[in-house]
Amino acid sequence: MKIHNFSSGPSILPPEVLQKASEAVLNFSNSGLSLIEISHRDASFVEIMNSARNLALELLNLQDKGYSALLLQGGASLEFVRVANNLMKVDGKAGYINTGNWANNAKNEAAYFGEVIEVASSKDKNYSYIPKNIVVPNDLDYLHITSNNTIYGTQFKDFPENNVPLVCDMSSDIFSRNLDFSKFDLIYACAQKNVGTSGVNLIVVKDELLDKTNRSIPNIMNYKKHIERESMYNTPSVFSVYVSYLTMKWLKDLGGIAAAERRNLAKANLMYSEIDRNSLFYGTAAVEDRSVMNATFFLKDESLTMAFDELCSSEGIYGVKGHRTAGGYRASMYSALPMTSVQKLVEVMQYFETKVI
């Protein structure tokens with residue numbers, strides 16, 4: 001039975017990527033060695049690292065525009081710290097828009113480095129919407145936004161006008177839709193949604209943004225040091241970098257971000273149409289702010305939960321349980337998820353309705 005993987009992360013990867021990655025673990029590039037046992041200084045891996053960093057800039061249309069791409073370790077949670085460490089000036093101030101757990105965590109970590117203000121928040125309605133008409137102070141060292149909220153299923157469709165550096169956590173929607181990425185001064189994303197497997201972060205930063213804090217930054221935390229060492233300051237996560245390279249190459253061959261966006265919109269439209277039509281379910285995210293990546297929904301009658309869970313399991317639907325803090329259900333539809341999986345989930349929801357009513 002085919003398994004339809006709606007996991008929020010680590011999440012589904014393209015079959016071609018899984019095949020090539022598994023082959024490399026056994027015999028990398030016909031070398032007779034496994035990818036995970038070669039030196040990260042080996043010329044073949046250095047080429048992969050450089051190709052992956054260049055591919056990221058190419059996909060975002062940021063080549064030759066004063067940006068550097070890094071592939072580092074630590075998860076987005078480390079970038080919460082590293083962003084503030086590198087961008088907040090001594091006695092400085094940063095602004096955060098609080099649209100969910102991860103945005104709130106990023107704000108709390110930044111507070112270790114200076115003054116943090118909450119520019120806007122949707123916490124008053126359990127993060128079910130994206131704040132509008134946001135007024136951004138001009139005296140901030142930077143403004144931080146989380147573009148997509150995996151737990152509550154909301155997503156920025158437009159970004160607030162501002163005159164300060166714009167930092168964006170795109171962990172769950174990078175490479176999924178067309179944007180003018182030059183509007184952002186720093187983008188970061190944990191890889192395990194749309195970039196590859198867990199164990200590596202993608203950071204894309206405008207070079208002129210760095211080295212302006214008058215702060216001593218430990219080398220391992222310093223973006224400038226990592227740029228100088230071409231993401232090789234310390235031993236990188238070799239396998240994760242390789243999977244990210246394969247995933248970005250797959251996306252380029254697919255037709256780039258524009259092609260991914262068309263696929264993703266089609267999947268989201270089908271999913272939300274069923275949530276709205278089906279008499280047993282309802283969505284909580286504001287319609288205009290619904291995430292294309294993570295559709296969150298609930299059963300109107302929670303006594304049906306066990307029966308629906310068992311049906312999903314029997315039909316090969318994996319990973320649709322909502323986050324432990326939110327409950328309900330969540331269909332994560334990252335770029336590698338095929339339309340056939342969304343169609344299967346919709347069919348299961350329709351069948352369940354006929355059995356209950």
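Trainee: Which residues does the "domain: Aminotransferase class V" annotation cover?
Mentor: According to the unreviewed UniProt entry, that annotation covers residues 3-345, and such annotations may be inferred rather than shown by experiment. The model is predicted, so local features need pLDDT of at least 70 and side-chain atom pairs count only at pLDDT 80 or more, while totals for chains, interfaces and linings use all residues. Residues are numbered from 1 along each chain, and side-chain values use heavy atoms, without hydrogens and water.

Trainee: OK, and how much space lies in the largest pocket?
Mentor: About 310 Å³ lies there, where a pocket is an open set of points on a 1 Å grid that fit a 1.4 Å probe, with protein on both sides within 12 Å along at least five of seven lines.

Trainee: Which residues lie nearest its centre?
Mentor: The largest pocket is lined by 19 residues, meaning residues with an atom within 4 Å of a point, and W102, T150, C190, Q192 and K193 lie nearest the centre. Helix α3, residues 75-87, gives the most to this lining, with 4 residues; a helix here is a DSSP run of H or I with at least four residues. By class, the lining of the largest pocket has 5 nonpolar, 11 polar and 3 charged residues.

Trainee: Switching topic, where does the second largest pocket lie?
Mentor: Domain 1 (15-254) and domain 2 (256-356) both give residues to its lining, so the second largest pocket lies between them. Its volume is about 160 Å³, and among its 14 lining residues N126, Y152, T284, F298 and A326 are closest to the centre.

Technical notes:
Grid points are joined across faces, edges and corners, and a volume is the space filled by probe spheres set on the points. Helices (H or I, at least four residues) and strands (E, at least two) are DSSP runs, numbered from the N terminus. Ala, Val, Leu, Ile, Met, Phe, Trp, Tyr, Cys and Pro count as nonpolar, Asp, Glu, Lys and Arg as charged, and the others, Gly among them, as polar. Domain bounds come from an automatic or database domain assignment.
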